[in-house]
Amino acid sequence: MLLQTEHAVAGVLSSAATEHDARPRLLEAIGEVLGWHVGAYWVPDEEGDRTVLRCVAAWHAPALPADEFVRASLEATYDPPDILPGRVWLSGEPAWVADVRERFHLARAAAAARTGLRSAFGVPIRGRDAALGAMEFFSTDLHATDDDLLATMTSLGTQIGQFVERCRALEAVRASEARKSAILNAAFDCIITMDADGRIVEVNEATEATFGYTSDQLVGGDLAELMIPPGKLRDAHRRGLRRYVETGASRMVGHPVELDAMRADGSTFPIELAVTRPDVPGAPLFCGYLRDVTERKEAERSLQALADEQAALRRVATAVAAELEPAQLFALITEEIGRLLEVGSSYVLRYDDDRQTAVVIGAWADDGVDRMPNGTTVPLDGDTVVPTVWRTGRPARVASFEGMSGELAALLRARGLYGSLGAPVTVAGRLWGAMVLSQTTPEPLAPGTEDRLVNFAKLAGQAIANAAAREELAASRARIVEAGDAERRRLERNLHDGAQQRLVATSLSVRLAAARAKEDPQLRGMLDRAGDELSLALEELRELARGLHPAILSDLGLGPALQTLAERAPVPVDVDVALDGERLPEPVEAAAYYVVAEALTNIAKYAQASEARVRVGRDDARAFVEVVDDGVGGADETCGSGLRGLADRVEALGGRLTVTSPAGAGTRLRADLPAG
Ligand SMILES: Nc1ncnc2c1ncn2[C@@H]1O[C@H](COP(=O)(O)OP(=O)(O)OP(=O)(O)O)[C@@H](O)[C@H]1O
Ligand SMILES: [Mg+2]
């Protein structure tokens with residue numbers, strides 16, 4: 001009977017294709033041969049973080065109504081120590097239970113009893129390193145422990161274990177094969193295997209799609225001939241392969257490179273290639289992983305173009321912000337756009353609507369290309385780009401001046417220009433001029449050129465608007481200061497010629513009256529006091545006039561004027577005017593005077609200084625005035641109107657006022673002024 005069991009098991013194992021397929025057949029074969037009534041096959045399983053035992057197959061003798069017990073086995077999982085097969089699996093050793101009724105503490109014991117089961121045994125399914133599971137069998141009869149049966153079953157358990165491991169290994173191989181071909185075919189990369197003779201051994205689907213061959217056309221063919229463009233590359237490939245076979249040295253294996261490949265139709269395209277030499281026995285094989293990088297190359301190129309454009313725009317924008325002189329700015333803009341868009345020459349022109357002309361105010365030309373210089377005036381006739389932009393206010397393109405009528409077209413042809421593209425430059429909503437790209441060859445312009453030109457033309461417009469606004473601002477400030485000064489001069493004159501003269505005359509009359517009123521001491525006293533008051537009023541009037549516009553400044557110059565200011569200051573003031581006796585321009589002199597006057601007034605009011613120093617000097621085209629005190633510091637030009645007014649006055653002249661006044665460390669007020 002034991003031998004019969006062995007045969008039955010061997011029969012199942014030799015015919016079963018899978019572990020899954022074998023399990024119920026093993027239970028049935030063993031159960032029937034042994035004449036036992038219920039069998040179950042258990043394997044470990046993970047449930048959360050604990051290992052349980054799960055029944056994956058069960059059998060019972062057809063005559064025995066064992067459904068309840070079989071269900072109890074199949075439908076639950078068990079803690080290994082709670083069931084017989086669990087303890088067998090844990091220990092790796094077989095076990096015999098003569099009567100399950102005596103083991104009521106075990107799970108399923110009640111169901112077993114109700115089914116009428118009495119004896120049981122369990123055997124481990126032994127793998128190479130551990131038990132892979134266990135089988136259990138039940139009989140409705142009472143059986144004493146049968147060591148021979150257990151020994152035979154244990155050995156069969158080991159055979160079954162080996163079968164299971166073999167099944168699993170095969171399954172793993174199958175799965176990995178399936179994965180491999182799925183991976184190869186799902187790969188975007190072309191994967192090509194080549195032997196040491198340079199013949200293609202295997203290709204994936206991506207290779208077929210990329211190269212335009214079917215795999216049949218490729219496999220067995222010469223890789224160099226099929227996939228590498230003829231010439232240098234193909235020769236290098238053959239040389240490299242020979243060298244590898246002879247010496248084992250390779251420049252390609254393990255070193256990714258970028259080169260060109262060839263499609264079935266002979267067209268070439270850029271690829272990135274990595275070659276490996278898989279470590280397989282026999283003649284060497286090479287695996288090439290290769291990717292079509294046409295799009296990437298294209299993307300890189302357009303990214304580079306974009307980066308170049310951004311950089312050029314940034315440089316221009318920086319120049320605009322830096323308030324570069326218009327001439328310099330337009331030279332920069334035309335050069336940037338000309339180089340960026342790779343045209344022969346580029347221009348900025350300003351329209352003069354009245355005279356129906358445009359004048360070049362910025363020009364750039366590539367080496368060896370003729371350039372119309374700044375100041376060139378062109379007529380706005382015909383249909384070339386500059387007149388068209390002028391008429392329409394929109395970008396315009398002329399591919400060729402060939403056969404065009406008009407003076408300007410003839411002029412352009414004479415200069416060897418072929419075609420051009422122009423965009424309007426608008427300032428404050430008004431068409432101001434045009435930015436133009438000129439070509440010396442009939443080549444078409446790159447796509448996107450017009451948009452780029454339009455962008456640069458906008459920047460140019462902004463730059464012009466900025467410059468105009470700056471000039472406008474400076475002019476209006478100058479006008480205000482000038483008007484103020486003129487008003488001060490007028491008041492001073494009026495006071496001098498009008499009120500002052502009258503007061504002087506009245507003062508004389510009062511003094512005269514006083515002299516005549518000797519007899520009346522009371523009247524005389526009154527007249528004397530009136531005379532004194534008048535003198536004081538006169539003095540005050542003079543003071544006032546001096547503050548408005550010091551006559552001494554106009555008459556004697558900055559040195560003496562500043563000296564008088566210093567004398568009236570409450571602290572000692574050292575004045576050093578180093579102008580070699582030369583006079584500064586009148587507005588500069590006035591500004592310098594007012595700077596010192598305000599500074600000394602502020603010192604008197606706030607500085608609590610013990611002394612102050614005034615210095616005036618010039619070098620070449622610039623003059624400076626500096627007033628320094630040793631007081632409390634903390635001057636703040638946003639607080640009052642004095643320093644702000646000075647800044648206005650100085651900046652209106654194109655100069656700059658600087659206040660340096662750290663708390664506790666005195667104040668330095670400095671004005672730098674153009675004096676050329
Ligand atoms: N030399 C100085 N030392 C200390 N503080 C100063 C000095 N000069 C100016 N300040 C401070 O800076 C502020 C601004 O001066 P600013 O001359 O602009 O206005 P102001 O003197 O207050 O008013 P205004 O000049 O219009 O009469 C002053 O209010 C004062 O607090
Ligand atoms: Mg002040």
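This is a predicted model: local features need pLDDT of at least 70, side-chain atom pairs count only at pLDDT 80 or more; totals for chains, interfaces and linings use all residues.

Trainee: Which residues touch the most other members in the largest nonpolar core?
Mentor: Val9, Leu26, Leu27, Ile30, Ala120, Ala134 and Phe137 do, in a core of 49 residues. A nonpolar core is a set of buried Ala, Val, Leu, Ile, Met, Phe, Trp, Tyr and Cys residues joined through C-beta atoms within 7 Å. Buried means 20 or more other C-beta atoms within 10 Å of a residue's own, exposed means 12 or fewer, and partly exposed is in between, with C-beta atoms placed from the backbone.

Trainee: What does Ile30 touch?
Mentor: Ile30 touches Thr5, Ala8, Val9, Gly39 and Phe137, leaving out residues up to four places away in sequence. Contact here means C-beta atoms, placed from the backbone, within 7 Å. There is also a second, separate core of 46 residues, with Leu329, Tyr347, Ala358 and Ala457 among them.

Trainee: How is the chain divided?
Mentor: Into domain 1 (2-172), domain 2 (188-292), domain 3 (324-549) and domain 4 (551-674). Those bounds come from an automatic or database domain assignment. Taken over C-alpha atoms, the centres of domain 1 and domain 2 are 56 Å apart.

Trainee: On to sheets. What is the order of the open sheet of six strands?
Mentor: The order is β14-β13-β12-β17-β16-β15, and the pairing is antiparallel. Two strands pair if DSSP finds at least two bridges between them. Helices (H or I, at least four residues) and strands (E, at least two) are DSSP runs, numbered from the N terminus.

Trainee: Which strands are at the edge?
Mentor: β14 (377-379) and β15 (396-398), each pairing on one side only. From one strand to the next, the twist averages 30°. Axes are lines fitted to C-alpha atoms, for helices over the stretch in contact, and angles run from 0 to 180 degrees between N-to-C directions.

Trainee: How many bridges link β15 and β16?
Mentor: Three, in the antiparallel sense, with β16 covering residues 419-427. Arg397 stands opposite Leu421 in β16.

Trainee: Which helices pack on that sheet?
Mentor: Helix α12 (residues 326-340) touches β12 (345-352), β13 (357-365) and β17 (430-439), and its direction makes about 60° with that of β13. Helix α13 (residues 385-392) touches β12, β13, β14, β15, β16 and β17, at about 35° to the direction of β16.

Trainee: And the open sheet of five strands, what is its order?
Mentor: That one runs β8-β7-β11-β10-β9, with antiparallel pairing. β8 (200-203) and β9 (257-262) are the edges, each with a single partner strand, so one side of each has no neighbour in the sheet. The twist averages 35° from one strand to the next.

Trainee: What joins β7 to β11?
Mentor: Six bridges join β7 (residues 190-195) to β11 (residues 285-292), and the two run antiparallel. Met194 stands opposite Phe286 in β11.

Trainee: How do β9 and β10 pair?
Mentor: Antiparallel, over six bridges, with β10 spanning residues 268-276. Met262 has Thr268 in β10 as its bridge partner. Their hairpin has five residues between the strands, and Gly266 takes a positive phi near 90° there.

Trainee: Change of topic. Is Thr207 buried or exposed?
Mentor: Thr207 counts as buried, because it has 22 C-beta neighbours inside 10 Å. Thr207 lies in helix α7 (residues 205-211). Setting aside neighbours within four places in sequence, Thr207 is in contact with Cys190, Ile191, Ile192 and Leu218.

Trainee: Last one. What surrounds ligand 1?
Mentor: 20 residues surround ligand 1, and the closest are Asn602, Ala635, Gly640, Gly642 and Leu643. A residue is near a molecule if its C-beta atom, placed from the backbone, lies within 6 Å of it. α19 (586-607) and α20 (642-652) each supply at least two residues of that shell. α19 gives the most, with five residues.

Terms used:
Residues are numbered from 1 along each chain as its sequence is written. Chains are lettered from A and ligands numbered from 1 in the order in which they are written. Two residues are in contact if their C-beta atoms, placed from the backbone, lie within 7 Å.
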